[in-house]
Amino acid sequence: MRGESILAKYEIGALIIRVVLGVIFFVHGLTKFQEGINETVTRFAEYGIPYAQYVAYGVGGIELLGGFFLIIGFSVRFVSALLIAVMVGAIMKVKLEAGFLNGYEFNVALIAMASYLLVAGSRLLALDKLFTSEPKKKARIEFKRSY
């Protein structure tokens with residue numbers, strides 16, 4: 001019984017991380033499209049990012065849809081991997097020169113959150129539960145020695 005309560009605590013923690021991370025990315029993606037994606041394209045081109053137009057749409061889409069998918073708990077591990085890639089790219093192309101403080105520390109925190117979800121997943125209140133089944137518990141047979 002104790003093991004189940006520990007797992008429930010982990011799932012509540014994963015849910016909190018998933019929703020907070022989802023909201024952060026959803027808002028960032030939404031902002032890219034609301035301010036005009038061309039503004040983002042211009043910014044990306046100034047950073048020297050090749051194919052800035054395609055990358056801007058890709059990053060904005062991943063942030064917007066990925067954030068939404070995290071909130072509803074759909075494809076959590078896959079979306080987390082995509083968001084890690086986006087953050088690594090942001091650090092390498094934009095934030096690295098600024099240093100850790102007031103530079104890429106926020107990106108590292110987002111990578112850590114996404115990494116947790118990539119490894120552990122998050123099934124509490126998740127849409128993924130509708131598409132996957134719980135693993136079956138194997139029967140455990142114990143053999144006792146008799147002397």
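## Where α2 meets α3

In helix α2, residues I37, T40, V41, F44 and A45 meet A52, Q53, V55, A56, Y57 and V59 of α3, where contact means heavy atoms within 4.5 Å. The residues of this contact divide into nine nonpolar, two polar and no charged (Ala, Val, Leu, Ile, Met, Phe, Trp, Tyr, Cys and Pro count as nonpolar, Asp, Glu, Lys and Arg as charged, and the others, Gly among them, as polar). Helices here are DSSP runs of H or I with at least four residues, numbered from the N terminus.

A word on the source: this is a predicted model, where local features need pLDDT of at least 70 and side-chain atom pairs count only at pLDDT 80 or more, while totals for chains, interfaces and linings use all residues. Residues are numbered from 1 along each chain, and side-chain values use heavy atoms, with hydrogens and water left out.

## How the two helices cross

The axes of α2 (residues 37–46) and α3 (residues 52–72) come within 8 Å and cross at roughly 120°, which makes α2 oblique to α3.

## The largest pocket

Now to the largest pocket: 23 residues line this pocket, and K32, F44, E63, M87 and A90 lie nearest its centre. Elements giving two or more residues to the lining are α1 (2–34), α2, α3, α4 (76–95) and α5 (100–120). Helix α4 gives the most, with eight residues. By class, the lining has 13 nonpolar, four polar and six charged residues.

Methods
Axes fitted to C-alpha atoms, helices over the stretch in contact; angles between N-to-C directions. Parallel < 35°, antiparallel > 145°, perpendicular 65-115°, else oblique. 1 Å grid on protein atoms, 1.4 Å probe; cavity = no way out; pocket = protein on both sides within 12 Å on 5 of 7 lines; lining within 4 Å.
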